[in-house]
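Hello,

Here is the structure I promised to pass on to you. Please have a look at it first, and then read my notes below.

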Amino acid sequence: MKITDTADLWWKTAVVYCLDVETYLDWNDDGIGDFAGLAQRIDHLADLGVTCLWLMPFYPTAERDDGYDITDFYGVDPRLGSHGDLVEVIRTANDRGIRVIADLVVNHTSIEHPWFQQGRRSKDDPFHDFYVWRDDEPPDTSDQVLFPDQEDSVWTFNEPTGEWYLHRFYKEQPDLDVTNPRVRDEVAKIMGFWLQLGLSGFRVDAVPFFLETEGGADADRFPDPHEYLRSLRSFLGRRTGSGVLLGEVNLPHEQQRDFFGGDDGDELTMLFDFVGMQAMYLSLARADAGPLVKALVERPFVDPDSQWATFVRNHDELTLDKLSEDEREEVFAAFGPEERMQVYGRGLRRRLPPMLDGDPRRVRMVYSLLFSLPGTPVLFYGEEIGMGEDLSAEGRLAVRTPMQWTAGTNGGFSTADADRLPGPVVEGGFAPEFVNVGDQRRDEDSLLSFMKLLIRRYRESPELGWGSFRVLEQPHASVLAHVCEWDDGTLLAVHNLGPEPRTVPLTLDGCDASHRLEDLLVTQSTPIGADGAVELTLDGYGYRWLRVVAEGSRRLL
């Protein structure tokens with residue numbers, strides 16, 4: 001059954017905010033962020049304009065992969081609180097109009113998970129077949145390793161059974177065998193459990209790996225992986241009616257379309273646009289909108305109920321794997337010239353403001369661009385205030401530093417001694433004394449105030465979530481001019497990716513002298529010529545959002 005009530009399609013115009021409870025706010029002063037602390041900051045998220053909170057893994061973990069190596073899919077890490085504390089966060093968020101989703105990490109477990117601990121002992125153990133095994137010594141798989149500085153194979157020997165087990169990630173994260181019907185039943189139970197506690201869906205981790213069937217014991221009898229994904233979407237719909245599956249599928253656009261469910265749109269609800277994100281950084285490096293334009297116009301058509309999730313960065317490395325080697329080197333040269341800023345030769349472990357040398361014009365232009373692109377914007381915690389990274393931290397932890405609330409001790413994250421924190425607080429020019437929520441809340445010209453304005457305008461512009469997208473012709477390579485149209489509304493966004501001021505001539509189809517352009521980020525009105533012609537001025541790294549307004553329009557601006 002198709003969803004026809006647009007209120008059920010809340011993800012089309014949502015603002016998603018991702019955080020790790022462990023690094024957000026410590027309320028009991030033990031050095032670790034907790035749910036009690038998060039509950040105290042739900043009002044910050046509501047004030048920002050967030051409508052969907054995405055929680056990174058909060059489950060019990062062996063701490064090999066920052067929470068993504070789970071030892072109990074039904075538990076809450078006791079360092080973070082209890083199930084009751086989580087429910088209180090969900091209730092508080094819902095009360096302020098914020099839905100809560102969580103990471104669903106079911107491609108693998110921790111090596112310490114009871115299923116694996118029991119199943120690795122004997123081939124006859126019922127849990128042995130929860131995982132993927134092989135009897136013969138595996139060939140060289142070093143080219144398949146995701147973490148080449150940590151692993152040299154995707155298979156590891158298990159002495160008790162004389163077999164090798166599969167792990168697409170670290171050897172401490174054995175892969176589950178999705179061809180096993182008992183594993184599929186368990187995944188449904190896990191989803192049902194957390195939905196019953198009030199979640200509105202999941203961000204699904206590593207979807208292509210999760211659906212991989214090679215080596216599975218029941219691969220011959222396993223249904224098509226996409227049929228299984230459809231069954232999970234159907235299960236979610238039966239349990240919630242309006243739940244969301246936000247998928248991590250870092251594949252080319254056409255393959256991503258398959259994970260939406262093609263024309264039917266009955267698999268993942270939303271997918272991150274990794275291709276568009278990487279093209280954006282190439283465009284920023286070149287001060288040329290061309291790569292981003294190409295990525296946007298080549299997005300495949302998806303079912304109207306589905307949605308692309310747009311983002312500037314996420315919790316992992318900022319991957320550049322869809323760029324060519326030469327293109328990747330351009331981005332490295334512009335934003336990560338030092339080896340310590342890069343990771344695995346395929347991405348960056350930096351946040352945006354340091355990459356742009358703290359230039360507020362460029363930072364604001366990029367976030368203006370993010371919120372004006374067709375899709376649903378996703379923010380990573382700290383982006384709203386322009387946090388930096390800690391390059392002394394290991395790998396991806398560089399961008400997972402404690403949230404900076406005040407200019408005080410530990411950035412207001414915790415009163416515990418610094419050595420008890422999950423990681424060091426950022427130092428240098430992006431330290432809490434320069435970048436924090438408290439100071440920016442009281443500053444009308446701060447990045448936080450600007451982000452609130454962008455989110456408010458985004459939420460007031462249904463064209464961005466629902467509408468059609470079209471790039472407008474104009475003569476400047478550094479400029480992206482596009483319109484999003486839906487129903488009787490048209491929003492025009494113009495961004496200058498270069499440092500030189502530009503005058504941008506445009507022709508707006510269907511417009512004449514009875515129309516005008518009203519800026520949405522400042523108070524300014526621009527007339528349109530009889531033939532739909534208009535000229536817009538942009539500063540270096542300038543940006544404007546403009547609504548087409550007809551004479552006599554009753555729409556609020």
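**Notes on the model**

Strand E14 (residues 376–380) is largely enclosed by the rest of the structure, because 5 of its 5 residues are buried. Buried here means under 20% relative accessible area, with a 1.4 Å probe and protein chains only. Strands (E, at least two residues) and helices (H or I, at least four) are DSSP runs, numbered from the N terminus.

Before going on, please note that this is a predicted model, in which local features need pLDDT of at least 70 and side-chain atom pairs count only at pLDDT 80 or more, while totals for chains, interfaces and linings use all residues. Residues are numbered from 1 along each chain as its sequence is written, and side-chain values use heavy atoms, with hydrogens and water left out.

Back to E14: both of its faces are covered, with Thr376, Val378 and Phe380 buried on one side and Pro377 and Leu379 buried on the other. In a regular strand the side chains alternate between the two faces of the sheet. Strand E1 (residues 16–19) runs parallel to E14 and is joined to it by 3 bridges; two strands pair if DSSP finds at least two bridges between them. Tyr17 stands opposite Leu379 of E14. Strand E10 (residues 307–311) is also parallel to E14, again with 3 bridges, and Phe311 has Val378 as its bridge partner.

These strands belong to a barrel that 8 strands close in the order E1-E2-E3-E7-E8-E9-E10-E14, with parallel pairing. On average, neighbouring strands of this sheet are turned by 25 degrees against each other, direction ignored.

Over residues 22–420 the chain is 31% helix and 12% strand, and the end C-alpha atoms are 12 Å apart.

Best wishes

Key
Axes fitted to C-alpha atoms, helices over the stretch in contact; angles between N-to-C directions. Buried < 20%, exposed > 50% of the residue type's maximum accessible area, 1.4 Å probe, protein only.
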